[in-house]
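Subject: Handover of a structure and summary of findings

Dear colleague,

Please find the structure below, handed over for your review.

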Amino acid sequence: MRKVIAVLALAALMPATTVAAQGTLGMEKQILPVTTANWAAFRNYDGRQWIYFTHLVTYRCGLEEIRYSVNSTALDETFPLPPCDPQNPNAIDPVAHPPYIVLPLGSAAQLAIRVTYTDGEERDVVVLAPCDVTGDQTCAVQVEASPDAPDPQPAAKNRRSGKAPDKQ
């Protein structure tokens with residue numbers, strides 16, 4: 001019981017802003033694999049098709065790279081990641097670093113995405129498509145990766161070593 005009280009006393013002495021400011025820093029490898037359907041979203045707005053990478057940009061502190069391709073699995077584009085601010089890791093400045101790309105209306109039938117973590121581990125390719133009724137709202141549905149998706153297995157590997165990550 002004394003240990004519990006001591007831990008609670010120490011926690012009470014820590015400034016709340018220290019914990020809150022760190023947000024999800026360091027948890028990207030746990031969060032992103034279970035939120036793949038949210039990695040990007042489509043929106044039809046102002047006569048153009050917008051593709052938002054907001055979800056991934058908020059976890060940029062754990063990412064080295066976002067590769068993507070529109071209407072193929074070539075992964076021939078790189079989405080620019082803004083610098084990480086460890087004191088406010090999930091903040092986005094949409095003016096300095098827009099979390100989206102803009103295409104002619106109806107251009108993207110699907111989007112393939114692969115993320116690489118800062119330790120070199122790559123995730124499987126995730127393929128998303130616009131919802132049937134996207135309209136002025138953001139929406140995406142996850143679809144099966146096509147057979148020509150590069151490196152479909154294992155689910156993750158380290159780009160530097162080529163090995164699957166250790167199970168934790």
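In this predicted model, Asp 136 and Arg 43 form a salt bridge whose closest N and O atoms are 2.8 Å apart. The two residues come from distant parts of the chain: Asp 136 sits in the loop between β8 (126–129) and β9, Arg 43 in strand β1 (residues 41–45), and 93 residues separate them. Asp 136 is partly exposed, at a relative accessible area of 47%, whereas Arg 43 is buried, at 18%.

Salt bridges

The structure contains six salt bridges. One of them pairs Lys 29 with Asp 119, with 2.6 Å between the closest N and O atoms. Here too distant parts of the chain are linked: Lys 29 belongs to helix α3 (residues 28–31) and Asp 119 to the loop between β6 (111–117) and β7 (121–123), 90 residues apart. Lys 29 is partly exposed at 32% relative accessibility, and Asp 119 is partly exposed at 31%. Both residues belong to a network of salt bridges that links Lys 29, Asp 119, Glu 121 and Arg 123.

A further salt bridge joins Asp 46 to Arg 48, where the closest N and O atoms are 3.9 Å apart. Asp 46 counts as exposed, with 58% relative accessibility, while Arg 48 is partly exposed, with a relative accessible area of 35%.

Aromatic pairs

Six aromatic pairs are present in the structure. Tyr 45 and Trp 50 make an edge-to-face pair, with 5.9 Å from centre to centre and 65° between the planes. Within this pair, Tyr 45 is partly exposed, its relative accessible area being 39%, and Trp 50 is buried, at 10% relative accessibility. Phe 53 and Phe 79, by contrast, are stacked, with their centres 4.4 Å apart and an angle of 25° between the planes. Phe 53 lies in the loop between β2 (48–52) and α4 (54–58), and Phe 79 in strand β4 (residues 77–79); the pair therefore ties together parts that are 26 residues apart in sequence. Phe 53 is buried, with a relative accessible area of 0%, and Phe 79 is buried as well, at 3% relative accessibility.

Tyr 45 and Trp 50 are also members of an aromatic cluster, together with Tyr 52 and Tyr 100.

Disulfides

Two disulfides were found in a search of the whole structure. Cys 61 is joined to Cys 84, with an S to S distance of 1.9 Å. The torsion about their S-S bond is about 100°, so this disulfide is right-handed. Because Cys 61 lies in the loop between α4 and β3 (63–70) and Cys 84 in the loop between β4 and β5 (100–104), the pair ties together parts that are 23 residues apart in sequence. Cys 61 is buried, with a relative accessible area of 15%, whereas Cys 84 is partly exposed, at 37%.

The other disulfide is formed by Cys 131 and Cys 139, whose sulfur atoms are 1.7 Å apart. Its torsion about the S-S bond is about -65°, and the disulfide is therefore left-handed. Cys 131 is buried, with a relative accessible area of 14%, and Cys 139 is partly exposed, with 26%. With bonded cysteines counted along the chain, the disulfides follow the pattern 1-2, 3-4.

Surroundings of Val 141

Val 141 lies in strand β9 (residues 141–143) and is partly exposed, at 36% relative accessibility. Beyond its neighbours within four places in sequence, Val 141 is in contact with Val 127, Leu 128, Ala 129, Pro 130 and Cys 131. Val 141 and Leu 128 are 13 residues apart in sequence, and their C-alpha atoms are 5.5 Å apart in space.

The chain as a whole

The chain has four helices and 10 strands, which run α-α-α-β-β-α-β-β-β-β-β-β-β-β from the N terminus on. Of its 168 residues, 35% count as buried. Among contacts between residues at least 6 apart in sequence, 65% join residues at least 24 apart. The accessible surface of the chain comes to about 10000 Å², and 56% of this surface belongs to carbon and sulfur atoms.

Yours sincerely

Notes: Residues numbered from 1 in each chain as written. Predicted model: local features only at pLDDT ≥ 70, side-chain atom pairs only at ≥ 80, totals over all residues. Heavy atoms only, no water. Phe/Tyr/Trp six-rings, centres within 6.5 Å; stacked < 30°, edge-to-face > 60°. Buried < 20%, exposed > 50% of the residue type's maximum accessible area, 1.4 Å probe, protein only. Disulfide = S-S within 2.5 Å. Contact = heavy atoms within 4.5 Å. Areas by Shrake-Rupley, 256 points an atom, 1.4 Å probe, with all protein chains shown as cover. Salt bridge = Lys/Arg side-chain N within 4 Å of Asp/Glu carboxyl O.
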